[in-house]
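Q: I have a structure open and would like to learn how to read it. Can we go feature by feature?

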Amino acid sequence: MKPIYLRGGMSRREFLKAGAMSAAALGLAGCAKNPVTGQSQFMLVSEEEEIKMDRQASPQQLSNDYGTTQDTFLNDYVSGVGLSLSDKSHRPQMPYNYHVVNANYVNAYAFPGGTVACTRGILLEVDNEAEMAALLGHEIGHVNARHTASRMSSQMVVGGLASLGGAAIGAKYGGGWGALAGGVGGLGAGLLLASYSRDDERQADELGMEYMTRDGYNPEGMVGLMEMLNDQHTREPSALEVMFSTHPMSAERLATARATANRKYLSAKEYKVYRERYMDNTVDLRKLGPAIHEMQDAEKLGGEKKYADAEGKMKDALHQAPEDYTGLLLMSKLLIAQEKYNEALPYAMQAKEVYPDEAQASQVAGVLLVQAKQYEKAYASFESYDKALPGNPYTGFYMGFSQEKMGNRRQAAEEYYKFLQQVNQGDQAKHAYSRLRQWGYVK
C-alpha cells in the first residue's frame, strides 16, 4: 500500500522523523521547576499539554472501564473527598475530576491533567474513608510530581516523537470481533498510564500521606491500604495484575508507610478513619458485591479460556444484578470470544438501554450488528459511539464499512478517506484503500 502524504508533500514517516529530530534538538535544554521539590527538572511537556493529553485520552479509558458509575451518590462522595485532598496539594490549580468506574478489577489511576479514577472493584476492598483518601492522595501525588510528564519527556528524547503516535489496534473487520469489542478506543491511554518506577511510587506514597493528614485523616489509612493490597497480592495475585503492572508493590512500601505514620505523622494518629461514613456511602456498591465477585471470577476464567465455567459465573452474576451494565457487556464479550454472535447481541443491546450515555455498548453492539448484517442499525450504533467518544479512527472505518454494505458508495468513500488520513497500516487500511482504488477515488 502506498504511503499517505500529508500537506506539503511530506509522508507521515518523514513527518514523525522530523518531529523526533526537533524534539531532540530543542528539548535537550528544556527544564522546569518541579512543583513538589522546587528543584529544576528536565521537562518537555508543559502543564497545558498535560491537560490537553488528559482530555484527549481519559474519556476513552473511562469508557474502556465501563464508564463512570451511575450511582451518582457514590461518585459525588468520592469526588468530594478527592477535591478536598487536591485543594491541599502542591498543584491545586489543576482541573481535577474524580470517577468511580464500573470495572471489576482492583485498580486506581490518574492522568497527568488531574483525571483520577478508581474501580468499583477496589472500593469493595477498601475498609474506611481514610484508606480511600490514601488511595486518592497517592494518585494526586503522581499528578503533582508530574511523573507521567517526566517519563514522556525522557521518551521524547530517547525515542523521538514517533513514540507518541496513534496506537495500533489489532481488531479485524471480517473476524476477531472479540479483539475489537474488548479494546478499540484506548487510543493514547496506554502511553499515559504506563508503569511508574519504584521511586515514583515511593514519592506518591509520601505525598499521599502528606495530603491525607493535611485534610484531617489518620495516616493509618495509608498503612491499611498497603496491608490490603499486599494481602490481596499474596492470596490472589491475578486479581491485582493490572494494578501491580502500573503500581509496583513491595513489602518495603508497607514498611515505609508504617514507619512514616509512626514517626513523621505520629500526632496525626489521633485523627479519625471515618469507617461508618464510608460504609454509609458505599452501601449500594456493597449490595452489588456478591455479583461483582462472580464477575471477577468470570473474567479470570475467561482469560484462561475456560469459557463454559466463565459463562456459568456470569449467569450467576446477572441473576443477582440483571441490569448491571458491566455484567451485560462482559457476558456479551464472553459470547463473542466463543463466536456466539447471535447470543451476544441481545446482551449488548440491553446494555445500551441500561446505560444509554455510556459509549462502549454502542461500539460492541455495532460490531455485532455488522456481523448480523444489520448494517443500517450498525451505522447508527457506531455514529452514537462517535458522538460520545469522537476521535477513534476505527469507528470511522466501521461506519464506512456499514455504508459500503448498504450500497452508499460515496458516503463509504468519505469515511474511508478520513480513516486513511489517520491510519495507513493493517487490514482495515488495506480494505479502505482497495475500495477507494476500485471505485476510482485513488489512482
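Predicted model: local features only at pLDDT ≥ 70, side-chain atom pairs only at ≥ 80, totals over all residues.

Q: How many helices and strands does the protein have?
A: The secondary structure comes to 23 helices and five strands. Of the 443 residues, 53% count as buried. Buried means under 20% relative accessible area, exposed over 50%, and partly exposed in between (1.4 Å probe, protein chains only).

Q: What span does helix α17 reach?
A: The expected span of a helix is 1.5 Å times one less than its number of residues. Helix α17 covers residues 325-337, 13 residues in total. From first C-alpha to last it reaches 18 Å, close to the 18 Å expected.

Q: Is α17 enclosed or open?
A: Twelve of its 13 residues are buried, so α17 is largely enclosed by the rest of the structure. Among them are Tyr325, Lys333 and Ile336.

Q: What sits at the start of α17?
A: A side-chain oxygen of aspartate 324 comes to within 3.3 Å of the backbone nitrogen of threonine 326. A polar contact is a pair of N or O atoms within 3.5 Å; within protein, one must be able to donate a hydrogen and the other to accept it, and residues adjacent in sequence count only if both atoms are side-chain atoms.

Q: How do α16 and α17 pack?
A: Two packed helices are described by the angle between their axes and the distance between the axes. The axes of α16 (residues 307-320) and α17 come within 10 Å and cross at roughly 160 degrees. The two helices are therefore roughly antiparallel. Angles over 145 degrees count that way, under 35 as roughly parallel, 65 to 115 as roughly perpendicular and the rest as oblique.

Q: Which residues of α16 and α17 meet?
A: Contact means heavy atoms within 4.5 Å. In α16, the residues include Tyr307, Met314 and Leu318. Their partners in α17 include Leu328, Met331 and Leu335.

Q: At what angle do α9 and α12 pack?
A: Helix α9 (residues 198-214) and helix α12 (residues 251-263) pack at about 30 degrees, with axes 11 Å apart. That makes α9 roughly parallel to α12. Glu201 and Arg202 are among the α9 residues in this meeting; Glu252 and Arg253 are among those in α12.

Q: Where does arginine 146 lie, and is it buried or exposed?
A: Arginine 146 lies in the loop between α5 and α6 (147-158). Its relative accessible area is 8%, so arginine 146 is buried. Its phi is near 55 degrees, a positive value in a residue other than glycine.

Q: Is lysine 305 buried or exposed?
A: Lysine 305 counts as exposed, at 63% relative accessibility. Its place is in the loop between α15 (289-303) and α16. Phi of lysine 305 is near 65 degrees, also positive.

Key:
Residues numbered from 1 in each chain as written. Heavy atoms only, no water. Helix = DSSP H or I, 4+ residues; strand = E, 2+ residues; numbered from the N terminus. Axes fitted to C-alpha atoms, helices over the stretch in contact; angles between N-to-C directions.
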